[in-house]
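Here is a short report on one protein model. Look over the sequence and the 3D view before reading on.

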Amino acid sequence: MIRIAIIGGGISGLTAAFTLEESRRAGAIEYKLYEASPHLGGVLRTEHIHGCIVEAGPDSFISEKPWAADLCRTLGLGDQLIGSNDADRKTYILVRGRLIPMPDGLMFMVPTKILPTGFSPLFSWSTKLRMAQEFFRPPHAVNGDESVASLVDRHYGAEMVDRLADPLLSGVYGGEAANLSVRAVLPRFAEMERNHGSLGRAMLAARKKIPRRASKPAPPLFTSLKNGMQQLAETLVLRLDPSSLLINTPVQSVQPEAGGWTVSTNSQSAHFDGLILAMPAHAAAKLLDASSRELSSELAAIRYSSSITVGLGYDNDVRQSLPAGFGFLVPRSERKQLLAATFVHNKFPHRAPDDRALLRCFFAGSSAEKAWQLTDDAIIAIVRKELQQILGLRAKPLFARVYKWKSAMAQYGVGHLERLERIERLRLQLPKLALAGNGYRGIGVPDCVRSGSEAAKQSLNP
């Protein structure tokens, strides 16, 4: 019988186990999942407080990527999927202490409508002139990789990097546009520049190709679960063999041996035919250091960012006083510690009672590191001070929770895809090794689901 070890019990590891479960029930394989902490599900953690659903980790996933929603339906959670309230979608950018709505027609950060962008106070007249000129850029191919900031600056200027590109990417990756790879993070932009030159023209051309379906509404931008994201992890666990799940069991070492792997914990060692490392790349690097110094070095070079999420609940008076929309982003030039805040009660149904406001505030990267050693009360005090400065919000919250995630968000630096090619070549030199998680080809929940499933299928191949 084939024996497979999975190290890491986050969403990638759980999905890998679920993919293997059918073969286990058929008697073809056996697997063991090792998780160092007492909890399975990784960053998928939900609390229910005062009737509010408060997410410690991700609050949703991009609907365009199908893998998480497909898994939910396979698990029987199709009727629990909820979409974002896109009719109320409005995002603000903090500029010189004022919240300015992002103008209509911005597709990610590319302007496609002249009038809303032209009249928006979000951009200076010099940037608006750059936007107009950008429509006439000829096709242009860049040799090799570059940063997102470099591409956006070339098309629209530094102000667009500061006010849009950097805040938007900080909310996803917790990093800076100057350090993130275009080819890994925004591959469509590199392709559009190569084929069209102008990103604006390319976006308009792509929109024209989308078939019009008058009777079918557009899918929501974001998808979540009625009872919170932890519902996905809990449902997965219920579908797995309990005796195959080993929590509170940190793995001390892995060693290639006899065509497979010996996995050692504090209490015992066991031999497996295949090994799935469903964990951050830096953690995988430490385990593989003795087996392949070169592979370990490449994995360790994938940088990670820490994040802090703060959930706050307020009464109806605050709810009525807040701006309409999903929330706001804060450019680094504003010199705040907060990078973003979400008005969760507006973004999703079922997240808060009608007489409650639920806010979710976000620190990441250098802002999270700066606050990391502070007490929860001190972090909440920073959040309240900055919410007062930005929103005029002076009320004391009904509750506040702080969630810290150390080195949890992978940073796809310039040259990331080339590094993945080297990692793949080195991985194949070791027996039956698969890698999964957010460090490779996508940081969101759907990407992690896909990577876990693909890792499991790799481990089954002869």
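Leaving aside its neighbours within four places in sequence, which residues is Leu299 in contact with? The list is Ala281, His282, Ala284, Ala285, Leu288, Ile423, Leu435 and Tyr440. Contact means heavy atoms within 4.5 Å.

## About the model

This is a predicted model: local features need pLDDT of at least 70, side-chain atom pairs count only at pLDDT 80 or more, and totals for chains, interfaces and linings use all residues. Residues are numbered from 1 along each chain as its sequence is written, and side-chain values use heavy atoms, with hydrogens and water left out.

## Overall build

The protein has 18 helices and 22 strands. Both are DSSP runs numbered from the N terminus: helices are H or I with at least four residues, strands are E with at least two. Along the principal axes, the C-alpha atoms fill a box of roughly 70 × 55 × 50 Å.

For 462 residues, a compact globule would have a radius of gyration near 23 Å; the protein has 23 Å, which agrees. That radius is taken over C-alpha atoms, and the globule rule is 2.2 Å times the number of residues to the power 0.38. Buried residues make up 54% of the 462. Buried means under 20% relative accessible area, exposed over 50%, and partly exposed in between (1.4 Å probe, protein chains only). Of the contacts with a separation of 6 or more, 74% join residues 24 or more positions apart.

Leu299 belongs to helix H12 (residues 293-300), where Leu295, Ser296 and Glu298 are buried along with Leu299. Seen down the axis of H12, these buried residues fall within an arc of 165°, so they line one face of the helix. The arc is that of the directions from the helix axis to the C-beta atoms. The buried residues of H12 pack against helix H11 (281-288), helix H17 (416-427) and strand E22 (433-436).

In soluble globular proteins, nonpolar side chains tend to be buried together.

## Two buried polar residues

Ser170 sits in helix H6. Ser170 is buried, with a relative accessible area of 2%. Its side chain makes a polar contact with the side chain of Arg332, at 2.7 Å. A polar contact is a pair of N or O atoms within 3.5 Å; within protein, one must be able to donate a hydrogen and the other to accept it, and residues adjacent in sequence count only if both atoms are side-chain atoms.

Gln231 is in helix H10 (residues 230-238). Gln231 is buried too, at 11% relative accessible area. Gln231 and Leu44 are 187 residues apart along the chain, yet their C-alpha atoms are separated by 8.4 Å.

## Cysteines

How many disulfides does a search of the whole structure find? The search finds zero. A disulfide is a pair of cysteine sulfur atoms within 2.5 Å. For Cys52, the closest cysteine sulfur is 14 Å away, in Cys361, too far for a bond. Cys52 counts as buried, at 1% relative accessibility.
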